[in-house]
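Have a look at it first, and then read on.

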Amino acid sequence: MTVAADPLPVKRRMRVSRKALPYLLSLPALLVCIGILIPFFTAVWYSLQRYRLSQPWNRGMNWGENYIDFLTDPSFWNTLKVSLLYAGLTVTFQLILGLAIALLLQKRTRLNNLISIMLLMPLMTAPALAALMFKLMTNPNFGILSYFAQSIGFTDFRWGASPDTALFTVILVDIWVYTPFIMILLLAGLRSLPTQPFEAAALDGVPRFQQFWRITLPMLTPHILTASLFRLLESIQQFDIIYAMTQGGPGDTLMVFQVEAYLNFFQSTNVGRSAALLIILWAITFFLSNIFIKNWLRLRERARGGV
Amino acid sequence: MEHTSALERVLRGAALSAVVLFFMFPIFWIVLMSFQTNETILRSPPSMVFEPTLSNYVALITGRLETQAGSLDIDFMRNLMNSVILSVSSVALALVLGVPAAYAFARHKFRGSEDIAFTLLSFRFAPPLLVLLPLTLYFQQIGLADTYVGLVWVYQLICLPLILWIVRGYFEDISPDVEHAYRIAGHGWGATFMKIALPLAGPGIAAAGLLAFIFAWNNFIFALVLASADKQPVTVGALAFVTASGIQYGQIAAAVVLSIAPTLALALYAQRYLVEGLSLGAVKG
C-alpha cells in the first residue's frame with residue numbers, strides 16, 4: 001500500500017519545484033547582477049550632485065548642472081572629439097586590415113591555419129601589457145621602433161611622448177591587439193559562405209576582382225557589421241592602452257572618456273563631473289549596443305537556420 | 001578559379017610575411033630583450049647577437065634586484081600569484097553561477113527570461129568605470145575594499161555574461177529529447193542536468209571558461225581601481241614595476257614575458273575552442 005501511495009506526493013512536489021526551477025537556477029547570477037545595478041544607479045545619482053571628495057561639506061544636489069557645464073567646457077568637447085576619433089580610426093584600420101588578412105587566409109591550407117593561430121597571440125595579450133611592450137619598443141634610448149624611425153629619416157619621432165604622434169602610437173597598439181579579432185570573425189564568416197554563387201560566377205567568367213565587390217562583400221556585410229560594431233563599442237571605452245601608454249597625455253591629447261573620468265575621480269576628486277562623463281559615455285554605448293545586439297541576433301539566427 | 005600566376009603567389013607570400021612580421025615581432029623582441037642585460041639592451045645599433053642571460057628571470061623569481069646602487073626588493077611573484085588567484089576563483093565562481101542560469105535560460109522560456117538575459121549581456125558593454133567608481137566608495141563602507149572577495153565579485157562583470165551567453169548557446173543546440181528520455185526513465189532533473197546536459201555541453205563550457213579566464217587575467221582597470229599593491233595582478237603590477245625599477249629594462253621585459261606567457265600558452269593549446277568562443281556562437285564556420 002505504501003508503495004502505491006508514494007509516487008503521487010513526489011510528483012506534486014516536483015511540479016511546484018519545476019515552475020520555480022528556472023528562477024532558482026538563475027537567482028545567484030541575478031543577485032550578482034543586482035549588486036552591479038546598485039552602483040549604476042548610484043553613479044546616476046552622483047552625476048546630479050556637486051560632489052568633491054576633498055570638499056565633503058560642499059556636497060549637494062545641483063541636478064543637471066554638471067551636464068549643462070559640459071556645453072561650455074572645452075575639455076569636455078576635447079574628450080568627446082578624441083574618443084570618437086580614436087574609436088573611428090582604430091575600427092576603420094582594423095576592419096580594412098582584418099578583412100585583407102582574412103581574404104589572404106581564406107583557403108584552408110596548413111600554412112594559413114598556422115598563421116591564423118599565430119595571430120591569436122596579440123589578441124590574447126593583455127592590452128595594458130601590449131601598451132607596455134610598445135612603450136619599451138618606442139623608448140628613445142634603445143627602442144627598436146625608435147631606431148627604425150630614425151634610420152628611415154624621422155630623427156625627431158617621439159611616439160607617445162609628443163602630442164603630434166601620441167594618438168598614432170596608441171592607435172598602433174590598438175591595431176596590433178585587436179585586428180586579429182576582426183580577422184577571426186571575418187575568416188569564420190568567409191569560410192561559411194555558400195560556394196554556389198562563386199562557382200556560377202567563375203563559370204560565367206566574372207573577374208575575381210568583381211566577384212569580391214559583387215558577391216563576397218555583400219554576403220559578408222552582416223559579419224562586417226557585427227564585428228565592427230562590437231569593436232566600436234569597446235574602442236570608444238578604451239582605457240587600458242591609453243592609460244598604460246601615456247595616462248591621457250601629453251597634456252590632454254589622449255583624454256578619452258574613461259581616462260578623463262578616472263583622473264577626475266582620483267586626482268581632482270570631482271565625483272560629480274566624473275560620474276556625469278561616464279553617464280554620457282554609457283548613453284553612447286547603450287545606443288551602439290542596441291544596434292549591435294539586434295544585428296548580432298539576426299546573424300545568429302541566420303547561422304542557425306542556414307546550417 | 002584556380003589559376004594563380006607566379007606574380008600573384010609572390011605578392012601573396014610577401015603580404016603574409018608582412019602580416020606575420022607585424023603581429024609576431026613585438027612578442028619576439030620582448031622575449032629577446034628579457035634574456036639580455038641592460039648593457040646589451042642599450043647597445044646602438046641594436047643587434048640580435050648577444051650572450052643570453054637568465055639573470056632577469058632569476059631576479060624576478062628570487063625577488064631581489066641587484067643594482068649598482070644596492071639591492072632592491074621586488075614583489076613581482078606576488079603579482080603573478082594574485083593573477084592566478086583572481087582569475088581562477090573568478091572563473092570558478094562564474095561557472096557555478098552561470099552554467100545553471102544558462103541552462104535555465106536555454107530550456108525554460110520563463111517570464112522575463114529574455115529581458116534578464118539581455119540585461120546581463122548589456123553589462124558586457126557598459127563602461128566599467130561607471131560601476132567601479134561608486135563601488136570603491138561602497139567597498140570602503142562595507143569592508144570589501146582591497147579584498148580578494150570584493151575583486152572576485154567585481155570580476156563577475158567580465159566572466160558571468162561571457163559564460164552565460166556562450167553556454168546558453170550550447171545548451172540550445174542540444175536537443176532536449178535526450179533529457180526527456182532520461183527523465184521518463186525516472187531520473188530527477190538534477191541527475192538529468194548533471195549526467196546528460198552538462199557532459200553534452202562540455203566543450204561549450206570549456207570554451208567559455210577558457211575565454212573568461214583569459215579576459216579575467218588580462219583585465220587591468222578593475223584591479224587598478226580596487227586593489228592596493230599586495231592584491232594587484234600582473235597587468236597593474238607590471239606597470240607599477242616600471243615606475244619602481246626605473247631603468248632595469250631587462251627585468252621589465254622578463255616581467256612582461258612572464259605575464260603574457262600563461263594566456264598565450266592557453267591560446268595556443270586550445271585555439272579551436274577560443275575561436276568558437278570569440279565569435280560567441282554568432283558564426284559557425
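Before we get to how helices pack, a word on axes: they are lines fitted to C-alpha atoms, for helices over the stretch in contact, and the angles run from 0 to 180 degrees between N-to-C directions. Helices (H or I, at least four residues) and strands (E, at least two) are DSSP runs, numbered from the N terminus.

Some housekeeping: this is a predicted model, where local features need pLDDT of at least 70, side-chain atom pairs count only at pLDDT 80 or more, and totals for chains, interfaces and linings use all residues. Residues are numbered from 1 along each chain as its sequence is written, while chains are lettered from A and ligands numbered from 1 in the order in which they are written.

The model scores ipTM 0.88 and pTM 0.87. For single residues there is pLDDT, the predictor's confidence in each residue, from 0 to 100. Chain A averages 84, with 92% of its residues at 70 or above. For chain B the mean is 83, and 88% of the residues reach 70 or more.

| Chain | Element with lowest mean pLDDT | Element with highest mean pLDDT |
|---|---|---|
| A | α1 (residues 2–5), pLDDT 42 | α4, pLDDT 94 |
| B | α5 (residues 113–123), pLDDT 67 | α1 (residues 6–34), pLDDT 92 |

Two residues are in contact if their C-beta atoms, placed from the backbone, lie within 7 Å. In chain B, residues 281–285 stay under 50 in pLDDT, yet the model has 22 contacts for them beyond four places in sequence. Where pLDDT is low, the predicted coordinates should not be read in detail.

**Chain A**

Chain A has 14 helices and two strands. Its C-alpha atoms fill a box of roughly 95 × 75 × 35 Å along the principal axes.

Now for a pair of helices in this chain. The axes of α4 (residues 74–104) and α9 (residues 166–192) of chain A come within 7 Å and cross at roughly 45 degrees. Angles under 35 degrees count as roughly parallel, over 145 as roughly antiparallel, 65 to 115 as roughly perpendicular and the rest as oblique, so α4(A) and α9(A) are oblique to each other. Residues that meet here include A:Y86, A:L89 and A:F93 in α4(A), and A:I171, A:Y178 and A:L186 in α9(A). By class, this contact has 16 nonpolar, four polar and one charged residues. Ala, Val, Leu, Ile, Met, Phe, Trp, Tyr, Cys and Pro count as nonpolar, Asp, Glu, Lys and Arg as charged, and the others, Gly among them, as polar.

**Chain B and the interface**

How do α10 (residues 202–218) and α14 (residues 271–278) of chain B pack, and at what angle? Their angle is about 85 degrees, with the axes 9 Å apart. That makes α10(B) roughly perpendicular to α14(B). Among the residues making the contact are B:P203 and B:L210 of α10(B), and B:Y273 and B:E276 of α14(B). The contact divides into nine nonpolar, one polar and one charged residues.

Finally, the two chains touch, with 77 residues from chain B and 74 residues from chain A. On the side of chain B that touches chain A, α1(B) gives the most, with 12 residues. That side of chain B has 61 nonpolar, 14 polar and two charged residues.
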